[in-house]
Amino acid sequence: MTTYRTYHLETPGSIDGIVPRDTAGDPPTPGPRDILVRVHAVSLNKRDLLILDGSYPLKAAPDVIPISDGAGEVVAVGEEVTRFGVGDRVSSTYFPRWLDGRISPALIDQPGATLPGMLAQYVRLDENAAVRAPDHLTWEEAACLPCAGVTAWNAVTGAEAVLPGETVLTLGTGALALFAVQFAKTLGAQVIATTSSEAKAARLKDLGADHVLNYVENPKWAAAVRELTGGRGADLVVETGGPDTIEQSVRATALYGRIALIAANSPHKDRLEITTDALASSLVTLRRIFVGSRAHFERMNRAITLHGLHPVVDRVFPYDEVRAAYRYYATGEAFGKVVIRLS
């Protein structure tokens, strides 16, 4: 008898509460407008840890299958499906019902939280809840795109897109920041990045960063950003530090610059604090970002294909080491994405 494996968050609050479950029989049959995807790889995001410990804005459904980001092959389609065929390579979307335009409360359901996630050998998706994966990417790379990739793309192209010759400032070496470096360079921007070590600085430069500042050695790095830009400041800051870095980000931003605020929380502070002194000489626009729509995802994939970009993958774990992958990701040591290979 055939079986297929899924993982479930049986006991929230602990990585040990994520347990495998083998189901006898064939995978689920797709509905009329569904596709059945054989998942080859999934990747972890910070939201997966927040869902686990109960601090994410959306509470996990009981016994939910975790993880929003995955990629795989379409193995069956419903009779009314028009977007995909058997054999197509797809990635899941973070907001299955947010297709384009602005998000609304009716569209906030997410895989791995309120909806079944991607940590399963087979998943059934509405045909609108997936996009075609770029052909040149591996399964592991395609699984990195739905959350961090789309968020970074939205940050540099949404609302007021980065123009050639502008300066983009990225913070740290999380996967989202690395995507932002790559996308900003494809748009012709100068990139200034911050990090905590010379080893990471070298890797950032290999990825395309023009200048790298060590925030440990220089915690008031805004002055250095202005010096590198002839006093002008950064046109866009991709703000992933939230309360820990927002003051320096404002001070580093050009007069009519903008800040794409990704992280609004921190284990150290429960609010964003910006001094009036920092704001006094600024006309900065602060834009809150929460991933992006399917349209963002599809535009991003066209750019990734055109420029031959590859996501930065730090480490790949096998399917029977899901808990080890979570524990490694929780250390914060990864440079790039942490991936779980299912096939």
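Reply: We can begin with a definition, because a pocket is an open set of grid points with protein on both sides within 12 Å along at least five of seven lines, and its lining residues are those with an atom within 4 Å of a point. Please keep in mind throughout that this is a predicted model.

Me: Which residues lie nearest the centre of the second largest pocket?

Reply: The second largest pocket has a volume of about 410 Å³, and its lining divides into 12 nonpolar, four polar and three charged residues. Strands β1 (3–9) and β6 each supply at least two residues of that lining. Of the 19 residues in the lining, those that lie nearest the centre are P116, G117, V123, R124 and L125.

Me: Which element gives the most to the lining of the second largest pocket?

Reply: Two elements to consider are β1 and β6, since each of them supplies at least two residues of the lining, and a lining residue needs an atom within 4 Å of a point of the pocket. With five residues in the lining, the element that gives the most is β6.

Me: Which element gives the largest share of the lining of the largest pocket?

Reply: The largest pocket holds about 1,600 Å³ of space, and the elements that give two or more residues to its lining are α1, α3 (145–157), α4 (175–186), β9 (190–195) and α10 (322–330). The lining has 50 residues, among which K46, G174, T240, G241 and A263 lie nearest the centre, and by class it has 25 nonpolar, 18 polar and seven charged residues. The largest share, four residues, comes from α1.

Me: How much space lies in the largest cavity?

Reply: A cavity differs from a pocket because it is a set of points where a 1.4 Å probe fits but cannot get out, and a search of the whole structure finds three cavities of 30 Å³ or more. The largest cavity is lined by L9, I18, D48, I51, L52, V64, P66, I67, G112 and Y326, which by class are eight nonpolar, one polar and one charged. Helix α1 (residues 46–53) gives the largest share of this lining, three residues. The space in the largest cavity is about 60 Å³.

Me: Is A159 buried or exposed?

Reply: A159 also has a positive phi in a residue other than glycine, here near 60°, and A159 lies in the loop between α3 and β8 (167–171). Exposed means over 50% relative accessible area. The value for A159 is 75%, so A159 is exposed.

Me: How far away from D69 is the nearest side chain of opposite charge?

Reply: D69 is in strand β4 (residues 69–77), and its side chain makes a polar contact with the side chain of N45 at 3.0 Å. A salt bridge requires a side-chain nitrogen of Lys or Arg within 4 Å of a carboxyl oxygen. D69 is buried yet has no salt bridge, and the nearest side chain of opposite charge, K337, is away by 4.1 Å.

Me: How many residues apart in sequence are the parts that R341 and E140 tie together?

Reply: The structure holds 18 salt bridges, including the one that R341 forms with E140, where the closest N and O atoms are 2.6 Å apart. R341 counts as partly exposed at 36% relative accessibility, whereas E140 is buried at 15%. Because R341 lies in strand β15 (residues 337–341) and E140 in helix α2 (residues 139–142), the pair ties together parts whose separation in sequence is 201 residues.

Me: Where does D210, the partner of K185 in a salt bridge, lie?

Reply: The side chains of K185 and D210 meet with an N to O distance of 2.9 Å. K185 is partly exposed at 29%, and D210 likewise counts as partly exposed at 33%. K185 lies in helix α4, while D210 lies in the loop between α5 (198–207) and β10 (211–214).

Methods: Residues numbered from 1 in each chain as written. Predicted model: local features only at pLDDT ≥ 70, side-chain atom pairs only at ≥ 80, totals over all residues. Heavy atoms only, no water. Buried < 20%, exposed > 50% of the residue type's maximum accessible area, 1.4 Å probe, protein only. Lys, Arg positive; Asp, Glu negative; His and termini not counted. Polar contact = N/O pair within 3.5 Å; in protein donor to acceptor, adjacent residues only side chain to side chain. 1 Å grid on protein atoms, 1.4 Å probe; cavity = no way out; pocket = protein on both sides within 12 Å on 5 of 7 lines; lining within 4 Å. Points joined across faces, edges and corners; volume = space filled by probe spheres on them. Nonpolar A, V, L, I, M, F, W, Y, C, P; charged D, E, K, R; others polar.
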